[in-house]
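Morning, everyone. Please bring the structure up on your screens, and we'll walk through it.

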Amino acid sequence: MGDTKRHIGIMGGTFDPVHNAHLVLAEQAYEQYALDEIWMLPNGNPPHKRDTRQADVECRMEMLRLAIRDVPYLKLCDLERSSSSYHYTYETLQRLNRRYPDTVFYFIMGADSLFEFDRWKEPGMISRECILLAAVRDHHARGQIQDRIRELNERYGAKIHILDTPNMDIASADIRERLAEGTAVSHLLPAAVEMYIRQKGLYGSGTDRTAALCQSMEEKKRNLNEVG
């Protein structure tokens with residue numbers, strides 16, 4: 001990178017549940033941009049997904065711990081852990097930059113989000129606080145993406161780079177549906193995550209539906225691969 005600063009990727013989301021496409025995307029960002037680490041940032045209360053969460057934030061964080069425990073460059077960041085208030089990307093990035101002034105942050109987003117970026121809370125502030133990595137899959141028209149990048153650069157001064165990603169059509173909502181229906185999911189998410197889901201009866205995968213609340217998880221938190 002040619003400087004003394006750390007270069008950290010931030011990958012936010014509900015991770016409800018975390019799945020293989022999340023991990024592949026993180027790996028691609030790490031390798032393509034020679035990042036030092038990728039911080040996985042689960043959102044306890046995302047403003048754009050109101051009333052759609054299925055698993056408690058503690059369960060989602062535990063699934064992430066299990067998914068990344070053997071990947072040294074993947075860390076868990078808990079800055080958006082609270083479920084009591086909405087979390088906005090610009091606020092989180094401001095906190096991260098204040099806390100880690102020696103770090104350049106790369107915020108990983110889907111290419112579709114580029115076309116919704118004007119509707120995000122404080123897009124100008126987001127553009128000042130980080131470099132944006134737009135994950136582009138095969139079915140996106142690269143020329144259209146490049147045009148949008150130039151437009152956002154002119155409007156907000158946004159620094160946006162394309163992140164090449166494989167076309168993996170995996171969605172957390174589909175996994176939740178498959179679990180509720182009793183359909184196989186082993187090819188879609190890490191084995192340890194599937195085992196945890198079934199042990200806890202998450203997403204209708206077991207008979208004890210109340211286990212999905214995971215109220216005891218607060219007492220069982222582990223600090224493995226965690227940053228705050």
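This is a predicted model: local features need pLDDT of at least 70, side-chain atom pairs count only at pLDDT 80 or more; totals for chains, interfaces and linings use all residues.

The protein has 228 residues, and 49% of them count as buried. Its secondary structure comes to 8 helices and 7 strands. Now look at contacts with a separation of 6 or more. Residues 24 or more positions apart account for 75% of those.

On to the strands. Begin at S1, residues 6–13. Which strands does S1 pair with? One is S2, residues 37–42, in the parallel sense, over 6 bridges. Within that pairing, Met 11 has Met 40 of S2 as its bridge partner. The other is S4, residues 103–110, also running parallel to S1 and joined to it by 6 bridges. There, Ile 8 stands opposite Phe 105 of S4.

How do we get from S1 to S2? Helix H1, residues 20–32, belongs with them: S1, H1 and S2 make a β-α-β unit, and the unit is right-handed.

Now move to S4 and S5. These two run parallel, with 5 bridges between them. Ile 108 faces Leu 133 of S5 here. S5 in turn pairs with S6, again in the parallel sense and over 5 bridges. Ala 134 stands opposite Ile 162 in S6.

Stay on S5 for a moment. Is S5 enclosed or open? 6 of its 6 residues are buried, so S5 is largely enclosed by the rest of the structure. In a regular strand, side chains alternate between the two faces of the sheet. You can follow that here. Ile 131, Leu 133 and Ala 135 point one way from S5. Leu 132, Ala 134 and Val 136 point the other way. Both sets are buried.

Last stop, helix H6, residues 142–156.

Which residues of H6 are buried? Ile 145, Arg 148, Ile 149 and Leu 152 are. They cover an arc of only 105 degrees around the axis, so they sit on the same side of H6. What do the buried residues of H6 pack against? Helix H4, strand S5 and strand S6. Just past the helix, Gly 157 takes a positive phi of about 75 degrees.

That's the tour.

Note on methods. Residues are numbered from 1 along each chain as its sequence is written. Side-chain values use heavy atoms; hydrogens and water are left out. Two strands pair if DSSP finds at least two bridges between them. Helices (H or I, at least four residues) and strands (E, at least two) are DSSP runs, numbered from the N terminus. A crossover is right-handed if, with the strands pointing away from the viewer, the path from the first strand over the helix to the second runs clockwise. The expected span of a helix is 1.5 Å times one less than its number of residues. Buried means under 20% relative accessible area, exposed over 50%, partly exposed in between (1.4 Å probe, protein chains only). The arc is that of the directions from the helix axis to the C-beta atoms. Contact means heavy atoms within 4.5 Å.
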